[in-house]
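Subject: The structure we talked about

Hi there,

Here is the structure I promised to pass on to you.

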Amino acid sequence: MELLDGKKIAAEIKQELADKVAELKQAGKKIPHLVAVLVGNDPASETYVASKVKSCKEVGFKSTEMRFSADMTEEQLLEVVDKLNADADVDGYIVQLPLPTHISEERILLAVDPNKDVDGFHPFNVGKMVAGLPTYLPATPAGIVELLTRYDIETKGKHCVVIGRSNIVGTPMAILMSRKDAHADCTVTICHSRTQNIQEITRQADILIVALGKPHFVTADMVKEGAVVVDVGIHRVPSDKTKSGFKLVGDVDFEHVAPKCSYITPVPGGVGPMTIVSLLQNTFKAVL
């Protein structure tokens, strides 16, 4: 069993981006500028935005945080989006999800300029992805493909099973893995919370990508020997073995599943860092 070390690969990609930014500076060209919009104080969102800002600094990007209280109205947020769309200095921006329940995520995402949609969530960019046209790919699925590519994992003709069908991870993941690309070309099955006999399907997977949002959902009996397992989930659960009283776990029961795998992502340090660098890669594309 070998770990798919997202932290290590992300560090390599950051260095590559830093070198490219240095070239832009030397040539007197524009430096990428990423803006993160955060409404409310969701703890996971706070952590994620902080990581994005830190990563921007590491590669030499300009980054701006825009923080607003949870009682901000939908119309006020739409005004912010309009200003960002019109700001020539802003190359890309993200509106951190989830938003407070009184704000329509769909309405906000539709208002984002597709050319600045570095999250890859706008239907215009989703459509281009489905058609195989150049576009901003959703950060987590793109990061997973990059991770498999950098570890030179054979995907052609393999059976890839994706657990989860969200528009952010599961659905775009299935599309990317089925494309006729060098590090895709899989036969793809999507499973979800309503799938019957899910264990029978997951046991067929050469590559199992889990994005269901349930701690330790995938157990050893659901995975075949030699499978590649990618765990997108991250959960804070009580633990009597840590000082904080909590530990981070994924959607996969790592301790029991890992011995059966050829490759597996750790949690944390697997998919998370790759999501961040994919966002940076999209922002770099936005400048070109």
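Let's begin with a pair of charged side chains: Glu65 and Arg67 meet in a salt bridge, with 2.9 Å from N to O. Glu65 is partly exposed, at a relative accessible area of 37%, and Arg67 is partly exposed too, at 45%. Please keep in mind that this is a predicted model.

How many salt bridges does a search of the whole structure find? The search gives twelve. In one of them, Arg107 pairs with Glu74, and their closest N and O atoms are 2.5 Å apart. This pair links distant parts of the chain, since Arg107 sits in helix H4 and Glu74 in helix H3, 33 residues apart. Is Glu74 buried or exposed? Its relative accessible area is 16%, and buried means under 20%, so Glu74 counts as buried. Arg107, on the other hand, is partly exposed at 39%.

Another salt bridge joins Asp89 and Lys62, with the closest N and O atoms 2.9 Å apart. Asp89 lies in the loop between helix H3 (74-86) and E4, while Lys62 belongs to strand E3 (residues 62-68), so the pair ties together parts that are 27 residues apart in sequence. Asp89 is partly exposed at 30% relative accessibility, and Lys62 is partly exposed at 41%. Both residues also belong to a network of salt bridges that links Lys30, Lys62, Asp89 and Asp91.

**The sheet**

Next, look for the open sheet of six strands, which run in the order E1-E11-E8-E7-E5-E6 with parallel pairing. Which strands stand at the edges? They are E1 and strand E6 (187-191); each has a single partner strand, so one side of each is left without a neighbour in the sheet. Further in, strand E8 (residues 228-231) pairs with strand E11 (residues 263-264) in the parallel sense over two bridges. You can find Val228 there, with Tyr263 as its bridge partner in E11.

**The inside**

In soluble globular proteins, nonpolar side chains tend to be buried together. Here, the largest nonpolar core has 48 residues, and those with the most contacts inside it are Leu4, Ile144, Leu148, Met177 and Ile209. Helix H10 (residues 271-287) gives the most to this core, with seven residues. Apart from this core lies another one of 18 residues, among them Val39, Val95, Ile108 and Val112. If you click on Ile209, you can look for its contacts, including Ile144, Val161, Met177 and Val232.

**The surface**

Some nonpolar side chains are on the outside: Met1, Leu3 and Phe254 form a surface patch with about 280 Å² of accessible area together. Met1 comes in the segment before strand E1 (2-3) and is exposed, with a relative accessible area of 54%.

**Backbone details**

One joins Leu97 and Pro98, with omega about 5°, and Pro98 is in the loop between strand E4 (92-95) and helix H4 (105-111). Another joins Val267 and Pro268, with omega about -5°; Pro268 is in the loop between E11 and H10.

Finally, Asp152 has a positive phi, near 55°, although this residue is not a glycine. Asp152 is in the loop between helix H6 (139-150) and strand E5 (159-163) and is exposed, at 61% relative accessible area. Asp185 also has a positive phi, near 60°, but is partly exposed at 24%.

Enjoy exploring!

Methods: Residues numbered from 1 in each chain as written. Predicted model: local features only at pLDDT ≥ 70, side-chain atom pairs only at ≥ 80, totals over all residues. Heavy atoms only, no water. Patch = residues over 30% accessible without salt bridge, like charges linked within 9 Å, V, L, I, M, F, W, Y side chains within 5 Å. Areas by Shrake-Rupley, 256 points an atom, 1.4 Å probe, with all protein chains shown as cover. Salt bridge = Lys/Arg side-chain N within 4 Å of Asp/Glu carboxyl O. Helix = DSSP H or I, 4+ residues; strand = E, 2+ residues; numbered from the N terminus. Buried < 20%, exposed > 50% of the residue type's maximum accessible area, 1.4 Å probe, protein only. Core = buried A, V, L, I, M, F, W, Y, C linked by side-chain atoms within 4.5 Å. Contact = heavy atoms within 4.5 Å. Pairing = 2+ DSSP bridges. Lists of a residue's contacts leave out its neighbours within four places in sequence.
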